[in-house]
Amino acid sequence: MAEYKNPQQEPGAERRLLLVFVLTFVVLIIFQPLLKKFFPQPPTPPQTQNQPVPSQPATVASAPTPSAAAAVTTNTVTTNTITKQAASETETVIENDLYKITFTNRGAQVKSWILKKFDNEAQNGPLDLVNPAAAQKFGYPLSLFTYDETLRNRLKSALYVSSNEGNLSAPAKITFEYADQDLVVRKTFSFDHTYVLNVATVVIYKGAAIFAAPAWPAGFGDEVTPASYAAARIDYHSDASTDRTALVFPNFVLRLPVKNISGGNTIKGPFEWAGAGDQYFTAIFIPDDPATAAMVTLRYSMEIAQKPGLNPVGASSKETANVDLLGTAVGSLRGPTTQRMYVGPKELAVLDAVQVSTIKNDSPDLRGIVDFGWWGILSRPLFLWLKWTYKHIVPNWGWAIVIQTLVITIALLPLRITQMKSMLKMQRIAPQIKSIQEKYKKYSLRDPRKAAMNEEISGLYKKEGVNPAGGCLPLLIQFPFLIAYYRMLGVALDLRHAHWTWITDLSARDPYFLLPIIMVISMFAMQRMTPQAGMDPQQQKMMMWMMPLMMGFIFFNLPAGLNLYYAETNLISIAQQAIMNRTKLGREMREMMEKRARKKEK
């Protein structure tokens with residue numbers, strides 16, 4: 001089955017973008033030797049513990065709590081003479097300023113989880129985090145997962161007795177109970193004024209407490225396209241992790257992409273939080289006892305329409321796509337489970353406020369859920385700065401990006417000037433370098449006398465005060481900022497459905513592709529205006545086409561916020577380059593290149 005990759009959130013996207021920049025830089029360096037025959041040349045994972053799925057439900061010897069076990073004693077009783085079942089299906093609604101949750105007593109699970117502050121993808125109402133099509137097939141949130149499929153279906157279909165019905169306002173508490181001949185279940189949920197709720201469950205089956213984990217089984221309601229499904233991940237935080245970021249920094253957040261997830265696998269603790277999420281929303285379990293916690297990874301396949309609103313039933317193969325649904329179930333291996341659960345947006349300020357006291361080696365909160373990638377040390381401050389700009393200068397995310405981009409581009413101007421000076425110095429000594437190379441060209445690379453050539457060139461560099469890497473170093477310094485900004489905009493929830501001029505959603509692609517087109521055209525102009533040291537006019541023309549087309553291909557379907565940043569960066573750079581070309585330094589460089597070009601034409 002083909003996998004649909006989200007160009008913005010797919011793991012390693014920032015690495016590939018960095019690779020594009022590096023490869024382009026390498027091409028600029030080695031371009032001349034490669035074209036000797038055609039053109040005249042100038043002088044110079046985390047390791048997780050996957051457990052096999054048992055064929056029978058796991059049991060434990062310890063007895064459940066008296067309130068949960070009701071009339072059952074785990075050591076001696078094998079059947080239950082007390083039954084507790086509802087006569088009909090009822091609903092209970094829990095509501096606060098952030099959400100509206102609708103429970104059904106059938107399965108004691110959630111039918112609807114509406115986030116009041118966020119629009120759905122059609123932008124015609126609030127977002128329901130329950131994916132209706134997926135939930136109907138594979139299970140609703142807060143259902144219970146057991147390894148025994150028959151028992152699992154019983155737990156989902158049973159009519160529980162609810163402690164409350166109708167509408168409740170948080171803070172509130174609701175308990176669901178069920179009992180028959182060999183099964184006793186108790187599920188308790190407590191709510192306050194935040195996105196966090198308390199979950200306590202216990203299942204007694206044939207006299208013993210079993211592993212029955214509360215679950216968020218199948219995706220989220222904002223997943224409506226193949227790309228949005230492909231953005232789904234399963235993450236968990238482990239203080240015991242030995243993983244490293246860039247082989248250096250400790251990494252306590254382990255992220256599982258779709259291709260590394262098998263449905264029904266069990267990851268044992270200790271972990272401090274774990275759950276599933278997509279680009280902007282998440283459902284995270286926070287166990288009270290990380291050492292006894294276990295997470296079951298859930299993965300299903302479903303056919304959806306390529307375009308939202310199209311019914312996949314009866315549609316052609318070109319109009320539908322198979323997508324992967326991810327979910328998790330987290331509970332205690334000892335049976336009875338007590339934990340907290342965060343269900344809501346991947347919003348930094350909100351996640352930072354959720355304290356996780358069991359985390360000792362990292363920030364004791366949920367900030368690790370937001371994946372800023374390799375350059376998180378830069379991406380996070382950039383986002384906080386962008387948010388400050390939005391709150392205190394201009395209340396529009398698009399214009400906030402425009403202002404921040406202007407400041408960043410101007411701040412990097414000294415690097416551009418340094419690069420240009422270094423290129424000019426290399427142009428000045430190019431004839432001398434060529435003379436030295438001609439002097440030693442009769443010797444092979446293995447000849448010891450060839451080393452004398454390198455010594456002479458190094459001496460020339462030292463005498464003239466030229467740093468061979470001077471033209472490259474400013475570019476390398478800019479790369480982390482470019483990648484950090486790329487990643488920051490890719491995970492910024494605030495840009496979701498944010499409007500700017502003709503753009504209705506800065507987190508989605510430009511509906512008219514105007515920003516990508518502006519970016520490509522501006523890159524053509526930049527390549528034409530910027531002097532290329534060590535490259536004759538014919539080679540410069542080839543690079544003028546290669547770079548813009550390559551970047552246009554990459555950014556064509558990326559979010560409008562990213563294209564706005566890069567397009568504006570290019571436009572500001574054009575203005576900077578136009579001014580620099582009129583300086584003494586710029587005029588000298590261009591005159592030198594034109595003089596060399598005239599010599600080659602003769």
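**Ground rules.** I worked from a predicted model in which local features need pLDDT of at least 70 and side-chain atom pairs count only at pLDDT 80 or more, while totals for chains, interfaces and linings use all residues. I number residues from 1 along each chain as its sequence is written, and the side-chain values use heavy atoms, with hydrogens and water left out.

**Entry 1, helices 7 and 8.** I looked up helix 7 (residues 376-392) and helix 8 (residues 397-411), which pack at an angle of about 125° with their axes 9 Å apart. Helices here are DSSP runs (H or I, at least four residues) and strands are DSSP runs too (E, at least two), numbered from the N terminus; axes are lines fitted to C-alpha atoms, for helices over the stretch in contact, and angles run from 0 to 180 degrees between N-to-C directions. Helix 7 and helix 8 are therefore oblique to each other, given that angles under 35 degrees count as roughly parallel, over 145 as roughly antiparallel, 65 to 115 as roughly perpendicular and the rest as oblique. I noted that, in contact (heavy atoms within 4.5 Å), the residues of helix 7 include Trp385 and Tyr390, and those of helix 8 include Trp397 and Val407. The residues of this contact of helix 7 with helix 8 divide into 10 nonpolar, 2 polar and 1 charged, where Ala, Val, Leu, Ile, Met, Phe, Trp, Tyr, Cys and Pro count as nonpolar, Asp, Glu, Lys and Arg as charged, and the others, Gly among them, as polar.

I then followed helix 8 to helix 14 (residues 560-581), where the axes come within 9 Å and cross at roughly 40°. That makes helix 8 oblique to helix 14. By class, the contact of helix 8 with helix 14 has 8 nonpolar, 7 polar and 1 charged residues.

I found that the axes of helix 9 (residues 413-440) and helix 10 (residues 450-464) come within 10 Å and cross at roughly 160°. That makes helix 9 roughly antiparallel to helix 10. In the contact of helix 9 with helix 10, I read 10 nonpolar, 2 polar and 4 charged residues.

I located Asn96 in the loop between strand 2 (91-95) and strand 3 (99-104), and at a relative accessible area of 7% Asn96 is buried (buried means under 20%, exposed over 50%, partly exposed in between, with a 1.4 Å probe and protein chains only). A polar atom of the Asn96 side chain lies 2.9 Å from the backbone nitrogen of Tyr99. Not counting residues up to four places away in sequence, Asn96 touches Lys116, Ala170, Asp192, His193 and Thr194. Lys100 is in strand 3 and counts as partly exposed at 33% relative accessibility; leaving aside neighbours within four places, its contacts include Trp113 and Lys116.

I noted a cis peptide bond from Ala170 to Pro171, with omega near 0°, and another cis bond from Gly269 to Pro270, with omega near 10°. Leu142, which is not a glycine, has a positive phi near 70° and is buried at 1% relative accessible area. Thr501 also has a positive phi, about 45°, but counts as exposed at 52% relative accessibility.

Notes
Polar contact = N/O pair within 3.5 Å; in protein donor to acceptor, adjacent residues only side chain to side chain.
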